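Here are my notes on the model you sent over.

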Amino acid sequence: MTDRTLNFSAGPGVLPLPVLEEAQRDLISLPGVGASPLEVSHRAPWFRSVIDEAEANLRHLLAIPETHRVAFCQGGATQQFSMVAMNLLRGAGRPAEYAVTGAWGTKALAEARKEGDADAIWSGVDGGFVTVPSPSELGHSCSADAAYLHITTNETIQGVEFPVDPQAPDGVPLVADMSSDFCSRPVNVGRYGLIYAGAQKNTGPAGVTVAIVRDDVLTRIPDSLPTMLDYRTFTENGSMYNTPPVFSIYVLMLVTRWLRDEVGGLDAQRTINREKAALVYGAIDASEGFYRGHALPEARSLMNITWRLPSGALERAFVAEAADAGMVELKGHRSVGGIRASLYNAMPPEGARALADFMRSFAARRA
Ligand code: PMP
């Protein structure tokens, strides 16, 4: 397949080629089934084995402990902003606390405020969202009786990421939006009461959102919620209370199988992701100020790298010339401008190297 571009999209993003090839082979007729994955009943044995393997692969990759359930939801991470608050804040009688490190955390907090009291106990807004709180800063800011503490492990728009898993006070569930760094590195799942992630960056196409919920968190949920907005509907019915997004879960299963068998797990994937990010940050740092990285070094995202050029005209020229060279989707989010390169798991190291080479040659020509 020679006409595929190097796709630096922030999401939906690049998927592994072997996964696309397998899905393509199966698209008309699954071996032994005689129908397309787009046509099979979610109650068919084929799909039972798919959803079981999807969960097993996630459990294996993330070492999810027995204390946690895996749910396959719809509605995107945006719906999770509301679901988290409906399930854990409604009727809790104490405020939820949010560490706001960028645009997505801001939105999550706004949704929670529709449900009850929710405070930003740490916010990077005044500094322009260039960093994240240190573990001790976060530990000191969070109250021991908060309904939960919410973080966004990786802010996709600003490109800032928590370098290590934070810790909430005992008894306070740590809730994390991991949409854009899910399965990019090992995570200490035991620390989290609830993790959620839209699949469309590192684990599949749009349409399925993974939630990983600890058993004790499920016991806090009020009984008044609409059925499809109650996590227990998913955990008690194998995510099959109603029709799940069959095709999205099938591709998620293939991607997680690829991560397990071809990449060799999340330690190996993290090593690759670090190498790729180092190539691009290296080109920024060596440019003598021509490229100005947005994130402070200690909070630099391995997934979404954001930077500016000296002028909007140069940024437009950079994006256009990169596209001519086969590197697409490099324009920064409309809310912040500049350049953003997303280096999700399926972006091969050669892609990051090609981008870094292009950055050096562009700077040499235009600086
Ligand atoms: N959180 C983060 C960190 C994201 O990157 C995104 C999407 N880019 C969202 C939430 C919203 O996800 P969705 O579009 O699936 O609702």
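**Notes on the predicted model**

1. The side chain of Asp 223 meets that of Arg 232 in a salt bridge, 3.0 Å from N to O. Arg 232, in contrast, is buried, with a relative accessible area of 18%. A salt bridge here is a side-chain nitrogen of Lys or Arg within 4 Å of a carboxyl oxygen of Asp or Glu.

2. A word on how to read the numbers. This is a predicted model, in which local features need pLDDT of at least 70 and side-chain atom pairs count only at pLDDT 80 or more, while totals for chains, interfaces and linings use all residues. Residues are numbered from 1 along each chain as its sequence is written, and side-chain values use heavy atoms, with hydrogens and water left out.

3. How many salt bridges does the rule give? The count comes to 20. One of them joins the side chains of Asp 216 and Arg 214, at 2.6 Å from N to O. Asp 216 counts as partly exposed because its relative accessibility is 33%, and Arg 214 counts as buried at 18%. There is also a network of salt bridges that links Glu 22, Glu 53, Arg 257, Arg 260 and Asp 261.

4. Have a look at helix H9 (residues 266–285), where Arg 270 and Asp 267 are three residues apart and so are separated by about one helical turn. Helices (H or I, at least four residues) and strands (E, at least two) are DSSP runs, numbered from the N terminus. The side chains of Arg 270 and Asp 267 meet in a salt bridge of 2.8 Å, N to O. Arg 270 is partly exposed, with a relative accessible area of 23%.

5. Strand S2 (residues 68–73) has five of its six residues buried, so the rest of the structure largely encloses S2. Its antiparallel partner is strand S10 (residues 209–214), joined to S2 by six bridges; two strands pair if DSSP finds at least two bridges between them. Within this pair, Val 70 stands opposite Ile 212 in S10.

6. Next, an open sheet: three strands lie in the order S11-S12-S14, with antiparallel pairing. S11 and S14 stand at the edges with a single partner strand each, so one side of each has no neighbour in the sheet. Strand S11 (residues 292–293) is joined to S12 by two bridges, and Arg 308 in S12 is the bridge partner of Arg 292. Between S12 and strand S14 (residues 339–342) there are four bridges. Trp 307 has Ile 339 in S14 as its bridge partner, and Asn 304 stands opposite Ser 342 in S14. Strand S12 (residues 304–308) is mostly covered, with four of its five residues buried.

7. What does Leu 302 contact? This residue sits in the loop between S11 and S12. Leaving aside neighbours within four places in sequence, Leu 302 is in contact (heavy atoms within 4.5 Å) with Glu 161, Arg 274, Ala 277 and Leu 343. Leu 302 and Arg 274 are 28 residues apart in sequence, yet their C-alpha atoms are 6.4 Å apart.

8. Helix H8 (residues 246–263) passes a simple length check: at 1.5 Å a residue its 18 residues should span 26 Å, and its end C-alpha atoms are 25 Å apart, which agrees. The expected span is 1.5 Å times one less than the number of residues. H8 is mostly covered, since 13 of its 18 residues are buried. Gly 264 follows H8 and has a positive phi, near 95°.

9. Finally, the domains. The assignment, which is automatic or from a database, gives domain 1 (20–262) and domain 2 (265–366). Their centres, taken over C-alpha atoms, are separated by 27 Å. In domain 1, 27 residues are in contact with 25 residues of domain 2. The area buried between domain 1 and domain 2 is about 2000 Å², with 56% given by carbon and sulfur atoms; buried area is the accessible area (1.4 Å probe) that two parts lose on being put together, summed over both. Across this interface the rule finds zero salt bridges.

Note on methods:
Buried < 20%, exposed > 50% of the residue type's maximum accessible area, 1.4 Å probe, protein only.
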